[in-house]
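Hi,

Here is the structure I promised to pass on, with my notes on it below. Have a look at it first, and then read on.

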Amino acid sequence: MRLGCGAFAAGCVLVEVLGVALFLRGFFPAPVRSSSGTEHQAEPPAPEPSAGAISNWTKLPPPLFSKVVVMLIDALRDDFVFGSKGVKFMPYTTYLVGKGAAHSFVAEAKPPTVTMPRIKALMTGSLPGFVDVIRNFNSPTLLEDNVITQAKAAGKRIIFYGDETWVKLFPKHFVEYDGTTSFFVSDYTEVDDNVTRHLDRVLKRGDWDVLILHYLGLDHIGHVSGPNSPLIGHKLSEMDSILMRIHTSLLSEERETPSPSLLVLCGDHGMSESGGHGASSAEEINTALLLISSAFERKPGDIRPPKLVQQTDLAATLAVGLGLPIPKHSVGHLLFPVVEGRALREQLRLLHLNGVQLSRLLQENVPSYEREPGFEQFQVSQKLHGNWVRLFLEENNSEVLLNLGTKVRRQYLDALRTLSLALSRQVAHYDIYSMVVGTVVVLENPARTNSRWSELDLLILVGTVGHVLSLGASSFIEEEHQTWYFLVSTLCLALCHESYRNCFPGENGESQRCSHMEGRFARTAPTAKDKSIGCDVLELCQVCQGPSSLHTLRGCEKAMVLASPWLIFGCCRLLRSLNHTGVQWAHRPDLGHWLTSSDHKAELSVLAALSLVMVFALVQSRCSPMSRVAMALGLLGIYCYRASIGHVLLPWQRGSTAISRGIIEARFVYVFVLGILFTGTKDLLKSQVLAADVTAKTVGLWDVYSGLVLLAALLFRPHNLPVLVCSLLIQTVMTKYIWKPLRHDTTEVTIMHYWFGQAFFYFQGNSNSITTVDITAGFVGLDTYVEIPAMFLTAFATYAGPVLWASHLVNFLSSEPSSGSALRRACFCYALVCSAPVSVYIVLVTSLRYHLFIWSVFSPKLLYEGMHLLVTAALCVSFAAVDQTHTSPDPGRAAS
């Protein structure tokens, strides 16, 4: 059986998906660590250094604190505590920062700034790999040495309440726990109440050593409403009162026990100005860290501004506070203010143990470790420490001993900082074999090209190649939306020039486009014996043999042909102002921020209502009667859903009303989405059985497209509904006044659909940063976290632009009886133009794997490209499936 070029292209993309998956496996190697007892087996601590004398301190120092409470507030940005919001909404915490027995820090998290990798960093002190972004959705057991495992091995009793990610990372480590799902972002009340309800009972008990609380509500509010929502203030006030309850309880208990307790307030990551996280902006990586204990002495008037530290420093600090060995793979160093109140010998002992751990880790990872400045500094510090111990054991209490001890302490602190910095900058260990094999598989895909090019073809070629080459620069990746905005704007100008040239004939009285097309296809006219010619040549020859459709247009229609490029250009320019994305301008106020503010809810409500009406007007004309009714009811349900969750107002609403989760309204819309998709699929299957029933096929395809539009309208935030309207409007205008009158060939139409699909990906507010992924779309209509539906809805909402434009391409090419060859050509062209950036990009990433921005810029883009290729593979399979309705054999001919 001979495969059509559409099926061949779909197969090539699927092979490329496997190649990219293999490349990602090598580029993001997941560390495999032994789960045997030797992994966490306690090694004897390094003895105290001495010079000529024998030290009797060969064991770990005793714990600094009897109990440790870790209160982790998800997405606790540093300015939520140390900024104006902290002063206003967290007065007790602000008092502790300014005058209380506490040490405050700004803890810098490394990308990716998502929960699971950050928990690993806090507990292991190591830098998790970027692949943990994917594993964040289903966290595996943490096998790496960590504080929790060390504490359990030492007989510590640990209690946990909060994000169930901890339970997955540390199974069988907690004597008591209650996990809550972290992905159901619509809930920001009950998810925290389920943690707080255990507090009074646990704080009165004395049968635990470590208590960990992970609050999710603040992060969920950020995802839904952003950092400037009024709900943020209420949540911060709630967290402040909880902190006061815990601190007061610990202080009252300390009156009965000689050893102090430690209360840790921290965040796992920050929150961007759009409410998301995952990237490397200052708002996402800077988190608040507050260590509170009665053991910390502060003199009156001693005001210390928060000091910048690394998030990985907390693991070493907690280990020292609990009297545990520092985790083997920790790259952080002890936060010295925690131990500065201890005796000088104990301070030096703890700093020495931290230095031994870091220097061993450096020796394991850096072949030339002896030339590292930090290692040399540590060796010098260790020798000075030995001299100090000798003097101390000789009971020399002179000022010389104090001065030498102070010098040794300063040397240790410098050495620890240098060692920690050197280890933090160590590059990843790549699996080069998997990367090379994956690259070869990706680059194996063949390409076909035409030997002759029109002016528009050259523009499309130059634009596509230019975009691919721009992926080698980090700035172009961060601001890739600007590339696509420029390309679609240039395309609009080119189409304007072409429409003017065709509407005003040349000297020979014929449109230049038609003459060009006739000459072009006269040279490549197929014969009956020539079976290898491009898929769409025969179709386009047949189209161009007729009179130019421009001659049949009336005056107003010809005016619309001339005005259409300018209308499209205006829509694109308007959408650029709706969502500022990228890095350089993302923080600037835009129209979307204005609409989503609480002061402009009425304007947003009007805009959302008008947008839904426009969606119905643009889609309903080609729907089947049943789908038309379902579309109208579904759009009405969407507005009711947004009103129920407080995004828009109903006409009869005068004041604030109770806000629900809108589950019933959203599921009401899902019923109509599934109904429209079922109706369209049924018509497509009908056309498959009755090969001559072209009408059923056309209506079925449009119903499927309408169902996808309705689903996108449900998942889009209200201020993004104009993006959907403009997408439908541009598709309608280009179909009626550009593609058909100007008779663009299949390749040009396909690449235009691809370009506009990519542009609308960014018009939605997306970028190459993980921060802009709107995970709230994955929970529309769900009352609990269900992994597969949530991931599908999130992926569809993110890639709605490319998916809807590809779906429209199928509808456009299927509207003609002789569209079979065009569909096959379009499938091959779409696969090629989507595959080219991925193929080139993995080569660029391989060559740039030691680049400074490899993890903050290039790696997120690689994940986006991999996901985009997977979406493309699904679209190409759909192309090939629709194409089968045209190539299925006639039953009567088969029988004969």
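Let me begin with Leu458, which counts as partly exposed because its relative accessibility is 43%. Please keep in mind that this is a predicted model. Leu458 sits in helix 19, which spans residues 455-470.

Eight strands build an open sheet with mixed pairing, in the order 4-3-5-1-6-7-2-8. Its edges are strand 4 (176-180) and strand 8 (307-310), each of which pairs on one side only. On average, and ignoring direction, neighbouring strands are turned by 15° against each other.

Now to helix 11 (residues 217-225): is it enclosed or open to the outside? Helix 11 is largely enclosed by the rest of the structure, because 7 of its 9 residues are buried. These are Gly217, Leu218, Asp219, His220, Ile221, Gly222 and His223. They pack against several elements, among them strand 1 (67-73), strand 5 (210-215) and helix 12 (230-254). Helix 2 (78-82) and helix 9 (190-196) are also packed against by the buried residues of helix 11. Just after helix 11 comes Gly226, with a positive phi of about 90°.

Most residues other than glycine have a negative phi, and most peptide bonds are trans. Here are the exceptions I noted:

- The peptide bond from Pro111 to Pro112 is cis, with omega near 10°; Pro112 belongs to the loop between strand 2 and helix 5 (115-124).
- Lys172 is not a glycine, yet its phi is positive at about 65°. Lys172 lies in the loop between helix 8 (165-169) and strand 4, and it counts as exposed because its relative accessibility is 78%.
- Arg743, also not a glycine, has a positive phi of about 55°. Arg743 is found in the loop between helix 30 (721-742) and helix 31 (746-763), and it is buried, with a relative accessible area of 16%.

Happy to talk any of this through.

Best wishes

Conventions
Residues numbered from 1 in each chain as written. Predicted model: local features only at pLDDT ≥ 70, side-chain atom pairs only at ≥ 80, totals over all residues. Heavy atoms only, no water. Pairing = 2+ DSSP bridges. Helix = DSSP H or I, 4+ residues; strand = E, 2+ residues; numbered from the N terminus. Axes fitted to C-alpha atoms, helices over the stretch in contact; angles between N-to-C directions. Buried < 20%, exposed > 50% of the residue type's maximum accessible area, 1.4 Å probe, protein only. Contact = heavy atoms within 4.5 Å.
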